[in-house]
Amino acid sequence: MTLSILAIIVMIVDARFEVLVPVRHKIAIITTQVYSITNIPSKLWDTAVEQFSSHSELLSENERLKAQSLLLEQRLQKLASITQQNARLRELLNSASLVDEKAVVSELIGIDPNPTTFRYLIDKGSNDGVFVGQSVLDATGVMGQVVDVTSYSAWVILITDTTHSIPVMVNRNGLRAIASGTGEDLLEIRYVPNNEDIKVNDLLVSSGLGGNFPSGYPVATVSDIKNDTGSPFATIYAKPTAALNRSRYVLLIFTHKKSSLPDEQTAPQDETKTSEEENNKEANK
């Protein structure tokens with residue numbers, strides 16, 4: 001009761017007079033400090049929670065960025081592969097525009113598992129007009145020829161197979177010879193006399209003799225010549241110009257005599273030529 005009366009008196013004095021103003025200010029300073037001290041544990045708890053949450057978020061963000069980095073690297077590798085594949089296709093299409101015969105692009109889909117043979121399986125067959133004996137090229141030279149055909153695929157024997165030979169001639173002087181497979185990444189040039197004019201780095205092209213390979217396509221480059229005094233013929237080796245172990249896309253050449261390929265399946269250059277011929281006929285009319 002006494003405290004209540006005293007409190008009422010202090011309130012009246014504080015409201016009507018300014019005597020207690022300094023006292024009120026000091027009390028406010030003290031209570032502010034007390035409030036700050038009592039609030040420290042709460043601030044420490046909030047800071048700890050925030051730090052823990054930030055650490056967890058950083059760990060999660062780090063894991064997410066690592067996963068994203070792997071995905072980007074995988075896509076980058078795929079992009080590099082597609083870029084290289086696109087470059088090879090462009091190179092192949094450019095070579096198709098240079099050949100005189102009709103040509104169709106085919107993809108390698110298998111390899112003969114027998115280590116003593118050099119044969120590839122391609123994704124074009126008799127339904128596409130492919131025939132036995134047909135020439136197969138890549139962007140840089142002769143790869144081989146078709147030896148077996150099914151409706152939707154065909155086997156191609158490479159020029160490096162030991163059972164395969166191709167008539168060639170030296171591009172520099174027209175000297176004719178036979179290039180036979182050795183079972184390695186080399187061709188042996190047979191039956192060339194020791195005194196014939198053939199040199200290292202001479203380009204050998206298909207001669208067209210025999211009718212299986214059209215003439216003028218690069219086959220190999222002479223890499224080694226050994227003259228044996230005990231033999232009338234020189235020992236000559238040549239390295240194929242075609243990328244036999246790297247080319248994935250090849251050209252099937254349709255010669256005029258054996259071609260049964262529909263016009264719409266030929267290379268773009270042939271369609272261009274056909275259109276130009278039709279335009280010339282129309283102009284002549």
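**Notebook: what I looked up**

I started in helix 2 (residues 21-98), where I found both Glu61 and Arg64, three residues apart, about one turn of the helix. Helices here are DSSP runs of H or I with at least four residues, strands are runs of E with at least two, and both are numbered from the N terminus.

Before going on, I noted that this is a predicted model, where local features need pLDDT of at least 70 and side-chain atom pairs count only at pLDDT 80 or more, while totals for chains, interfaces and linings use all residues. Residues are numbered from 1 along each chain as its sequence is written, and side-chain values use heavy atoms, with hydrogens and water left out.

**Salt bridges**

The term means a side-chain nitrogen of Lys or Arg within 4 Å of a carboxyl oxygen of Asp or Glu. I checked how open the two partners are. Glu61 is partly exposed at 34% relative accessible area, and Arg64 is partly exposed too, at 44%. For these words I use the following cut-offs: buried is under 20% relative accessible area, exposed is over 50%, and partly exposed is in between (1.4 Å probe, protein chains only).

How many salt bridges does the structure hold? I get eight.

Next I looked at Asp123 and Lys124, whose side chains meet in a salt bridge at 3.8 Å, N to O. Asp123 is partly exposed with 27%, whereas Lys124 is buried with 18%.

Then I went to Asp197 and Arg172, which meet in a salt bridge at 3.0 Å, N to O. This pair links distant parts of the chain, 25 residues apart: Asp197 is in the loop between strand 8 (187-190) and strand 9 (203-206), and Arg172 is in the loop between strand 6 (165-170) and strand 7 (176-181). Asp197 comes out partly exposed at 38%, and Arg172 is partly exposed at 41%. I also noted a network of salt bridges that links Arg172, Asp197 and Asp202.

**Positive phi**

I stayed in the loop between strand 8 and strand 9, where Asn201 is found. Asn201 isn't a glycine, yet its phi is positive, about 80°. Asn201 is exposed, with a relative accessible area of 60%.

Tyr191 has its place in the loop between strand 8 and strand 9. Tyr191 has a positive phi near 60°, and Tyr191 is a residue other than glycine. At 58% relative accessibility, I wrote Tyr191 down as exposed.

**Aromatic rings**

How many aromatic pairs are there? I count two aromatic pairs. Rings of Phe, Tyr and Trp (its six-membered ring) pair if their centres lie within 6.5 Å; planes under 30 degrees apart are stacked, over 60 edge-to-face, and the rest tilted.

Phe131 and Phe254 are edge-to-face, because their ring centres are 6.2 Å apart and their planes stand at 70°. Phe131 lies in the loop between strand 2 and strand 3 (135-137) and Phe254 in strand 12 (residues 249-254), so this pair ties together parts that are 123 residues apart in sequence. Phe131 is buried at 15%, and Phe254 is buried at 1%.

Tyr191 turned up again, in an edge-to-face pair with Phe233: 5.9 Å centre to centre, 80° between the planes. The pair links distant parts of the chain, 42 residues apart, with Phe233 in the loop between strand 10 (218-226) and strand 11 (235-240). Phe233 is partly exposed, at 34%.

I also found Arg119 over the face of Trp155, 4.8 Å from the ring centre. To count, NZ of Lys or CZ of Arg must be within 6 Å of the ring centre and within 35 degrees of the ring normal.

**A hole inside**

Last, I asked which residues line the largest cavity. They are Leu108, Tyr120, Ile122, Val136, Met143, Val156, Leu158 and Val250. Strand 2 (119-122) and strand 5 (154-158) are the elements that give two or more residues to this lining. A cavity is a set of points on a 1 Å grid over the protein atoms alone where a 1.4 Å probe fits but cannot get out, and lining residues have an atom within 4 Å of a point.

Key: 1 Å grid on protein atoms, 1.4 Å probe; cavity = no way out; pocket = protein on both sides within 12 Å on 5 of 7 lines; lining within 4 Å.
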